[in-house]
Amino acid sequence: MRLDFIFNGIPSCVFIQRDTPTVAGIMGALELPAAPPRVLAICDTNTKTFAEAAGFGGGRMIAENSALCVLEPGETAKNWASVETVLRAAHNAGLGRDGLFVGIGGGVITDIAAFAASIYMRGTHLALISTTLLGMADAAVGGKTGIDLFGIKNFAGTFYPARAIWMPLSTVSTLPPAQWKSGMAEIIKAAILSDDEKDFWNSKTAFPMRADDTLLPQLEKMLVAAVRLKGRIVESDPLETGAERALLNLGHTFGHALEACVGLSKLTHGEAVAWGIARACELGVMLGITPAERARAIIALLDSFGYNTAAGHPALPRAENNQVSFMKALSADKKNKDGKMRFVIPSQKGAVLVSLMPEQHPLVCRSAFGAWE
Ligand SMILES: NC(=O)c1ccc[n+]([C@@H]2O[C@H](COP(=O)([O-])OP(=O)(O)OC[C@H]3O[C@@H](n4cnc5c(N)ncnc54)[C@H](O)[C@@H]3O)[C@@H](O)[C@H]2O)c1
């Protein structure tokens with residue numbers, strides 16, 4: 001399946017397919033000249049096997065014109081030092097401005113590779129091979145690049161869409177269960193925003209947190225919907241200046257506040273987002289925006305995937321000081337405007353961005369912590 005987008009005038013195509021593409025396939029899709037430019041593949045120690053399967057390293061390297069840069073895995077590697085490592089590897093391999101960076105991995109690697117590509121000699125060619133569910137459903141599409149700095153996530157970054165992105169479904173079979181749970185929340189989020197969570201609901205009983213070959217067509221269908229939705233929204237607001245892109249934050253406002261209060265490493269991002277979606281549903285019912293039946297169906301869907309959806313997350317006991325720090329974290333959300341908290345709330349169909357008056361804030365606290373008996 002091929003999906004084509006144009007982000008801020010730059011064509012970006014997504015290939016959702018079974019296998020990892022080959023170097024030749026990548027060159028062909030990018031329509032690069034017959035004498036290919038020098039290529040730098042960037043991966044981490046866990047995704048090196050996929051880089052090798054694509055033909056980078058592992059004895060199949062097209063030695064004269066490609067090099068492989070292997071970083072440490074995980075969020076802690078999303079820093080300046082990794083960017084420097086990538087830029088140095090590109091320089092040592094003799095890449096010019098017509099060179100090609102290929103990022104192969106989850107959201108961390110694709111964010112670093114894309115950021116490095118955007119600043120290497122003021123911008124070089126970029127392709128991505130996304131190998132996590134979260135990367136496929138979200139991180140690899142839309143052109144946001146970045147690294148963490150000063151302890152702040154994605155503090156430095158650019159908008160630099162990859163010309164081509166591959167999502168080889170066979171790669172996710174090796175993902176650890178926590179990574180499945182993390183990525184699946186973004187896929188469910190996309191289904192809610194596109195108002196097709198009922199299809200999801202109908203099929204989910206046959207869809208455990210793993211993938212074997214028989215499940216790949218179903219996974220493909222869900223991902224196509226998620227990528228289409230993200231692509232369409234980013235096309236309409238590529239530099240995130242308007243409100244529509246904010247819809248993609250469904251579940252993230254409550255989720256980020258939870259992460260801020262309990263610490264980033266305690267929960268996966270997807271677990272926090274799933275809990276946040278359930279909270280947004282409850283807040284939506286209290287505000288009269290989410291039909292109770294839809295809220296119940298969404299929460300039941302999240303429950304069926306094993307997410308924690310109850311008010312008062314076990315990692316965040318209902319003590320008064322927790323409530324204060326939670327509300328403080330919500331107040332710091334970058335969607336807020338003119339002192340008003342803003343939330344993405346599931347509506348009759350899809351979701352809407354809602355501004356709350358200060359007198360409505362107790363409802364927010366109630367949806368997060370539950371009512372006091
Ligand atoms: N640019 C964007 O628009 C955007 C959007 C959402 C998230 N992000 C970023 O994405 C990052 C999170 O991405 P992630 O969840 O993919 O984490 P990740 O990239 O850290 O990958 C998670 C772990 O899985 C390993 N891994 C990757 N593919 C694997 C596979 N197929 N089999 C086994 N292990 C594999 C990785 O090495 C890593 O250890 C965050 O830094 C976040 O800021 C970016």
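Reader: Start inside the sheet. In what sense do strand S3 and strand S5 pair, and over how many bridges?

Author: S3 (residues 39-44) and S5 (residues 100-105) pair in the parallel sense, over five bridges. Two strands pair if DSSP finds at least two bridges between them. Strands are DSSP runs of E, at least two residues, and helices runs of H or I, at least four, numbered from the N terminus.

A word on the source. This is a predicted model: local features need pLDDT of at least 70 and side-chain atom pairs count only at pLDDT 80 or more, while totals for chains, interfaces and linings use all residues. Residues are numbered from 1 along each chain as its sequence is written.

Now the whole sheet. S3 and S5 belong to an open sheet of seven strands, in the order S1-S2-S9-S6-S5-S3-S4, with mixed pairing. Its edge strands are S1 and S4 (66-71), and each pairs on one side only. From one strand to the next, the twist averages 15°. Angles run from 0 to 180 degrees between N-to-C directions; axes are lines fitted to C-alpha atoms, for helices over the stretch in contact.

S1 (residues 2-7) and S2 (residues 10-17) run antiparallel, joined by six bridges. Phe7 stands opposite Ile10 of S2. The S1-S2 hairpin has two residues between its strands, and Asn8 takes a positive phi near 55° there. Helix H8 (residues 216-236) lies across S1, S2 and S9 (164-168). H8 runs at about 15° to S1.

Next, the ligand. It is surrounded by 29 residues, and the closest are Asn46, Pro73, Gly106, Gly107 and Thr132. (Near means a C-beta atom, placed from the backbone, within 6 Å.) H4 (107-119), H5 (133-139), S8 (152-156) and H6 (177-193) each supply at least two residues of the shell. By class, the shell has seven nonpolar, 15 polar and seven charged residues. (Nonpolar: Ala, Val, Leu, Ile, Met, Phe, Trp, Tyr, Cys and Pro; charged: Asp, Glu, Lys and Arg; polar: the others, Gly among them.)

H4 also packs against a helix. H3 (residues 80-92) and H4 meet at an angle of about 60°, with axes 9 Å apart. H3 is therefore oblique to H4. (Under 35 degrees is roughly parallel, over 145 roughly antiparallel, 65 to 115 roughly perpendicular, the rest oblique.) The contact uses Ser82, Val83, Val86 and Leu87 of H3, and Ile112, Ala113, Phe115 and Ala116 of H4. (Contact: C-beta atoms, placed from the backbone, within 7 Å.) Seven of these residues are nonpolar, one is polar and none is charged.

The axes of H9 (residues 252-262) and H10 (residues 269-286) come within 7 Å and cross at roughly 125°. So H9 and H10 are oblique to each other. H9 brings His252, Thr253, Phe254, Gly255, Leu258 and Glu259; H10 brings Ala272, Val273, Trp275, Gly276, Arg279 and Ala280. That contact divides into six nonpolar, four polar and two charged residues.

H10 meets H11 (residues 292-304) as well: their axes come within 9 Å and cross at roughly 165°. This pair is therefore roughly antiparallel. From H10 the contact takes in Ala274, Ile277, Ala278, Cys281, Glu282, Gly284 and Val285; from H11, Ala292, Ala295, Ile298, Ile299 and Leu302. Here 10 residues are nonpolar, one is polar and one is charged.

Conventions
Two residues are in contact if their C-beta atoms, placed from the backbone, lie within 7 Å.
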